[in-house]
Amino acid sequence: MKIGIDVGGTFTDFLLAENDGTSSIYKVLSTPRDPSVGLLNGLREMSGTRKMTLEDFIKEVDIIVHGTTVTTNAVLTYTGAKTGLLTTKGLRDALEMRRGIREEQYNNRYTNVKPLVPRYLRQPIEERLDYKGDVITDLVEEDVREAVQTFREENVEAVAICFMNSFANKTHEEQAAEIIRKEMPGKYLTVSADLLPSIRFYDRISTTVLNSYVGPILKSYLLSLTSKLDDIGFSGVLLIMQSNGGVISPDIAMDNAAVTLLSGPAAGPVAGIAYTSIQGYDDCITVDMGGTSFDAALIRNRTPLITTEGEINRLRLALPMLGIVTVGAGGGSIGWIDEGGLLRMGPQSAGSLPGPVCYDCGGKKPACTDADLILGYLDKDFFAGGKIPLNYEKARAAIKEQIADKLNYSVEEAAAGMYSVINSNMASGVREVSVKRGFDPREFPLVVAGGAGPIHACEIAHELEIPVIIIPKESSIFCAAGMLMSDLKHDFVRTYAASFDEIDIERFQKLFREMEAEGNRLLSTEKIPSERIEYRFALDLRYVKQYHEVTVSVTREAVEKGNLESLVTGFHPEHNRLYGYSLEKEGTPVELINMRLSCIGRTDKPKFLEEDFDGADPAKAFKGTREVYIPSARKFQTINVYDGFKLGYGNMVDGPAIIEQVNTSTFVTPDYRVASDRYGSYTMYLKDREEEFKGRVFK
Amino acid sequence: MTEIDKILVSVLQRRFKSITEEMSIALARTTRSPILCEAKDFVTGLYDARGKMLEQTENLPILSFSLGPVCEYILKYYGDEIYPGDVIFHNDVFSMGNQNNDVAVYKPIFYRDKLVAWAACKGHQADIGGNVAGGYNPNATEVWQEALRIPPVKVYEKGKLRKDVWDLIFANIRYDIVAEDMRAEIGSCVVGERGLLAIVEKYGIDVFESHKDYLFQATEKMMKAEIRTIPNGTYHGEANVYYDGRHPGSRFKIRVDITVRDEEIIFDYSETDPQTNGFVNGTFTSSASATVLTFLQMVNPDMPHNDGMIRPIKIIIPEGTILNASYPKATTFGNHLCPPNADSIIRALASAIPERITAGWNQLLCGLTTGTDQRKNAKFVDIVFLGLKGGSGATKGVDGYDHIGMIDASGGVLDQDYEMFEQQTPHLLLEHEYWRDSAGAGQYRGGLGIITKFMIGSDDTTVVTFGDGDVEPAFGLFGGKDSTLNKINLIYPDDRVYKTTSKDLVENVPAGTVWSQRAGGGGGYGDPLKRSAAVVAEEVRNGIISFESAKNDYGVIVDPDTYEVDEEATGRARRE
């Protein structure tokens, strides 16, 4: 058995996958103070439903994959470790200055982010390397010892070391680290040249500090979790989700805590690949609409896009992570009228408390969910399977007073406007991961997850002209499902700045071999046999004198052959696709900045259980009809409502229709048709393009 | 007339915004000059068929409010000879350009053979010919000593490169990277064109036109509502400009009368001093941009940036004044008259909207180095962005922003990354830290200034300085204190110190010379004795306020061992 566990702010989601392919979903309340308590509660509930003791149950579990937000929350709430920083004398404010950016230029009330290390704990060290890594000034060990003295007096719990140009020579950082290890034994320590040996000082110092800031917290959490699992006799493998979409053993995660900082939504794209590859797709766009935010990601060749320019709370995190774009749009997004009389949605959210007006928990501002209710997409008596009755009248009154009257619209028109504006906000999130990166969204199936996602899916797809939408069976616990499908993954980088005609091919190959050996070592401690290891080679390239690079993947053969020409061929078309031109014809020289290697250890994936064919007729799932707003017709119509649990493999539902499940409701617009596939997921496609898509569902 | 779908108006506004952002990303990622790709000294925008602004992304707003006027000029200039596939360059300050170095690209967007819109962008190019590499020539008195003038010129016509025109332009510019960076500007316009055409194809030209007009009206309404919150009246403000680069001790006044009448605001600079006989002169568009961007900081920051936004704002700047020089005066310094212009506006409106204005910002004092990087035997030019960023003025309830830089960028222009700086120039960075006690004291203190030192790495380096703030510091308001002065010194290897003036050109600077720069802080707001003593103590612990300043400026006595507030002594000091 395998268990995927996604700890969220309110609920902890579980997907239990049996060896025979059956699976079950569990949700328990999260326990933010010590998330392992909620996690154990969930395991206990699972054993209870099987009438087993927890100890007997856990013996049958081979793998637990766990996504945690403890590091994310520590940064967002400033509850990480008290951290001290050693950095090159004269440059200790780089961390706080963030290169002098004010993100809101016209807003004089906008303040800088509080630094994770206050200035008095940023200790200057006399030492200096030049741009090539050659020593200009030796490290003054006395400075390090003095800093240690301060750190001890101030009860510092974690230390970060980042010196200028250390990407090219780590000896000074190592020398300082030796002293810290000796003088402050047991304290969490991050050395920048180990964590991220690549050029760009601010990126490196910020990432290094983030790692130390969250390190002790992650470490103590994982130690507590592993000991609890030990106590109940768990003898399988525990794996932790990373921001890069891969998983990692707890021991390695403890030393590189920053790799988990944006792991929350990172399992989504992996799940998206699983659900689309069944139908033979290599590419897809995944979206996950929650209460306050909407996450979008793009996958190409079954590989999610990776960025090294991520941020958390406006702090740079330069480790590779999935390029997920988050937009402030969710079921709780509030509608309002601006001074010019235009309707806006969000980014303020009613959250889960007080929540939208219709929850009747004190919310006064009309939210997206209120509009969904007025428009008939939600049934006031069947929200969360009927557990939460929705107050239709209050939602109506709030929309009337705060939106409709101000626009001189009817309540229905205003609700339709709210629905349309938020769909457009979400569509621009999708555009950001696709169009802005040079991809045409029309060529990608859209995988839609999250409780509110399937209500909005057709209209988002419509705005982007996306012809096919896939709503996974596990859409409400999408990320927990994705965790079970993730592989082990370790990313490495080395900076080697050189024009292409000057590259010393032996040094080039040696750097790759070094990274490969390190990856093999880590994966062997994670018990991955060599035949299950894959490598992804990539280079960060640019035209000579440009400042920013384009990451281009290369083959192992090209690296081993040392054929520079073949290494650079992928660069020109990629540059053109992204930025509208290339300089291949002009013969402009190309230069190398960074070399990257990802080492991937393939894990066993859960099987999907296949249902038997049930014919096209969905009649037995028919629940009744109701009045629902049809955006293209701009009016309400009576349409069919189906019970999602009763739809079987092969059943076809024509839009307009509503399909209800406990945790989600799917709105099918008139131009789409839904086919329920053999794994219980829904595929919606444009009726007039059925020939292209139907075959994939029923192949 | 098509029926207006108000929801679609909101959707289109968002879409225009995201297209100009896409254009901005493309430009930042592909340009070579650190001025563009690291500091983002550029703007990208979309304009309608008449040249009216649809939306802009303004990394450096001082460039931005001239793109529209130039677009209108280009339309008039070419008449009906604008074709699909054209690409037009422009920098000429006597046809609505703002600064010679800010070179714009305009690309007309055609849909079914009809001109429907323009994509444009403009960036500060590393060189534009003229007497001095990099363009800042304090000895210039006429435009030809400063730059190659590019009135509108087509470098592509009907999709075909005009090779002779291209070569003529770049034969007059020192650095190869400028041609590459202009290609990047064209690429950015292609990105904008793709995005805008997708909209027109989807909704049709009639819907696009009518909804765009409605958007302009809605935004105009929004700006009028903002203006209505300012009490009616006429408000007078003044600020000084020191030294024209040629006459030591010279001083000029900017004078503005701001009249607010219900939904309209008029900025009248008629009483401003006459133009100088140096390069310290503004152009109409650089000065008007300064006015607009300063005013935008006093209204709802969330307003869409389009033609409707600027309609209720009237700006009067007579030709022949220091803010609107007449042909053929030198004007390269003109963008940098924004800080004193902003000061005059802030001073004027301080009494009318005290809760919305800031105290004075640190004025720009900037430098650049050019020469040959002997490590690579290649030319380099580098504006020292990381050294110029002082603090902003405090406002009611909020301290000034530390190390933000001049008000014309307001934190949109970034420091070079330190390690990239050492790769791309021969220099070695020695210090780049907050400058203790540089901020103007106040209940809300000004933003901190910074200290920057680096060792110049190649012989025969040329140093240019341009700016202000070395005579008069950023001013405090409502009891807040003034801040500290800017300066740039060159410490030669023989320890000789050369104190640069605020507009200087120093040649043959040897390797090993230390560039030592101080960028001052911002002005304080409100009585410093009312500042939280605990916050002052924390700032002493962090070394950004000295014990002496805590005592003398804030009346806060901090224990030197524990960094705790000595409550009793503080109470006494604050009473006295």
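What follows is a short chat about the two chains and their contacts.

Q: Before we start, what kind of model is it, and how is it numbered?
A: It's a predicted model, where local features need pLDDT of at least 70, side-chain atom pairs count only at pLDDT 80 or more, and totals for chains, interfaces and linings use all residues. Residues are numbered from 1 along each chain as its sequence is written, while chains are lettered from A and ligands numbered from 1 in the order in which they are written.

Q: OK, chain A. How many helices and strands?
A: Chain A has 20 helices and 35 strands. Those are DSSP runs numbered from the N terminus: H or I with at least four residues for helices, E with at least two for strands.

Q: How does the radius of gyration of chain A sit with a compact globule?
A: It agrees: chain A has 27 Å, and a compact globule with 699 residues would be near 27 Å. The radius is taken over C-alpha atoms, and the globule rule is 2.2 Å times the number of residues to the power 0.38. The C-alpha trace of chain A spans about 80 × 60 × 60 Å along its principal axes.

Q: And how much of chain A is buried?
A: 54% of its 699 residues. Buried means 20 or more other C-beta atoms within 10 Å of the residue's own, exposed means 12 or fewer, and partly exposed is in between, with C-beta atoms placed from the backbone.

Q: Switching to chain B, what's its make-up?
A: Chain B comes to 14 helices and 20 strands. Its radius of gyration is 24 Å, close to the 25 Å from the globule rule for 576 residues, so chain B is as compact as a globular protein of that length. In chain B, 61% of the 576 residues count as buried.

Q: Which domains does chain B have?
A: Domain 1 (6–220), domain 2 (358–531) and domain 3 (533–575), with bounds from an automatic or database domain assignment. The C-alpha centres of domains 2 and 3 of chain B lie 27 Å apart.

Q: How many residues of chain B are in contact with chain A?
A: 61 residues of chain B, against 52 residues of chain A. In contact means that the C-beta atoms, placed from the backbone, lie within 7 Å.

Q: Which element of chain B gives the most there?
A: α1(B), with 12 residues on the side that touches chain A. By class, that side of chain B has 26 nonpolar, 18 polar and 17 charged residues. Nonpolar is Ala, Val, Leu, Ile, Met, Phe, Trp, Tyr, Cys and Pro, charged is Asp, Glu, Lys and Arg, and the others, Gly among them, are polar.

Q: How do α1(B) and α6(B) cross?
A: Their axes come within 9 Å and cross at roughly 85 degrees. Axes are lines fitted to C-alpha atoms, for helices over the stretch in contact, with angles from 0 to 180 degrees between N-to-C directions. The two helices, α1(B) and α6(B), are therefore roughly perpendicular; under 35 degrees is roughly parallel, over 145 roughly antiparallel, 65 to 115 roughly perpendicular, and the rest oblique.

Q: Which residues meet there?
A: B:Leu8, B:Val9, B:Leu12 and B:Gln13 in α1(B) meet B:His211, B:Tyr214, B:Leu215 and B:Ala218 in α6(B). That's 6 nonpolar, 2 polar and no charged.

Q: Last one: why does B:Ser188 count as buried?
A: Because B:Ser188 has 32 C-beta neighbours inside 10 Å. B:Ser188 is in helix α5 of chain B, and beyond four places in sequence its contacts are B:Met23, B:Ala26, B:Leu27, B:Thr44 and B:Cys121.

Technical notes
Two residues are in contact if their C-beta atoms, placed from the backbone, lie within 7 Å.
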